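Here is a short briefing on one protein chain. Please keep the sequence and the model side by side while reading.

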Amino acid sequence: MAPACAATPAERRMTLASLLAVDRIACLDDAGDRDAVLEAAARLIAAGTDVATDDVAAGLRQRERMGSTAIGDGVAIPHGRSAAFPQARAAFLRLRPAVAFDAADGAPVDLVFAMAVPEGMQQEYLLWLSELAERFAEPAFRETLRGAVDADALHAALRDAGMAP
């Protein structure tokens, strides 16, 4: 029997769908401000683990202080390094009403894909950020997410886009 071929780096790479669990997708009403959104995202990312929400939130805030993670059109991708997890984790939040995020286009944010990524995943990290920016650049995709009536509908839209299990 021939030996199995080793997986290529692309085949070993975690997909966006592997970062996001169903219980880390939420509709958030009356989020307040950017700090409250980062805190809510950190709670979702840390959910079901022994990791303190404060540790995850600190990583997200640290990155946000370097510059807004809002990419325009009402979308933000807060992300930060975290030694707390062996693998990257993500959360998705749809906000109502939208929240000021210091976006370059001035638009408030209502779609948030947040990530906590361990050190040593630089290549994957950059690929995920690029893939997210590309997906959220599609107006129809953004409108589908905005039109979702609840977290289940959000999950279905994200799953159909290959971004959730």
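Thr69 sits in the loop that links helix H4 (53–66) to strand E2 (70–72). The model is predicted. Thr69 has a relative accessible area of 4%. That is under 20%, so Thr69 counts as buried.

**Surroundings of Thr69**
- The side chain of Thr69 makes a polar contact with the side chain of Glu64, at 2.7 Å.

**Fold**
- The protein has 7 helices and 6 strands.
- Read from the N terminus, the order is α-α-β-α-α-β-β-β-β-β-α-α-α.
- Among contacts with a separation of 6 or more, 70% join residues 24 or more positions apart.

**Size and packing**
- The radius of gyration is 16 Å. A compact globule of 165 residues would have one near 15 Å, so the protein agrees with that expectation.
- Along the principal axes, the C-alpha atoms fill a box of roughly 60 × 35 × 30 Å.
- Of the 165 residues, 45% count as buried.

**Surface and charge**
- The accessible surface comes to about 8,200 Å². Carbon and sulfur atoms hold 53% of that surface.
- There are 16 positive and 24 negative side chains.
- The centres of these two sets lie 3 Å apart.

Methods
Residues are numbered from 1 along each chain as its sequence is written. This is a predicted model: local features need pLDDT of at least 70, side-chain atom pairs count only at pLDDT 80 or more; totals for chains, interfaces and linings use all residues. Side-chain values use heavy atoms; hydrogens and water are left out. Helices (H or I, at least four residues) and strands (E, at least two) are DSSP runs, numbered from the N terminus. The radius of gyration is taken over C-alpha atoms; the globule rule is 2.2 Å times the number of residues to the power 0.38. Buried means under 20% relative accessible area, exposed over 50%, partly exposed in between (1.4 Å probe, protein chains only). Contact means heavy atoms within 4.5 Å. Accessible areas come from the Shrake-Rupley method with a 1.4 Å probe; for residues, only the protein chains shown count as cover. Lys and Arg count as positive and Asp and Glu as negative; His and the chain ends are not counted. The place of a charge is taken as NZ of Lys, CZ of Arg, CG of Asp or CD of Glu. A polar contact is a pair of N or O atoms within 3.5 Å; within protein, one must be able to donate a hydrogen and the other to accept it, and residues adjacent in sequence count only if both atoms are side-chain atoms.
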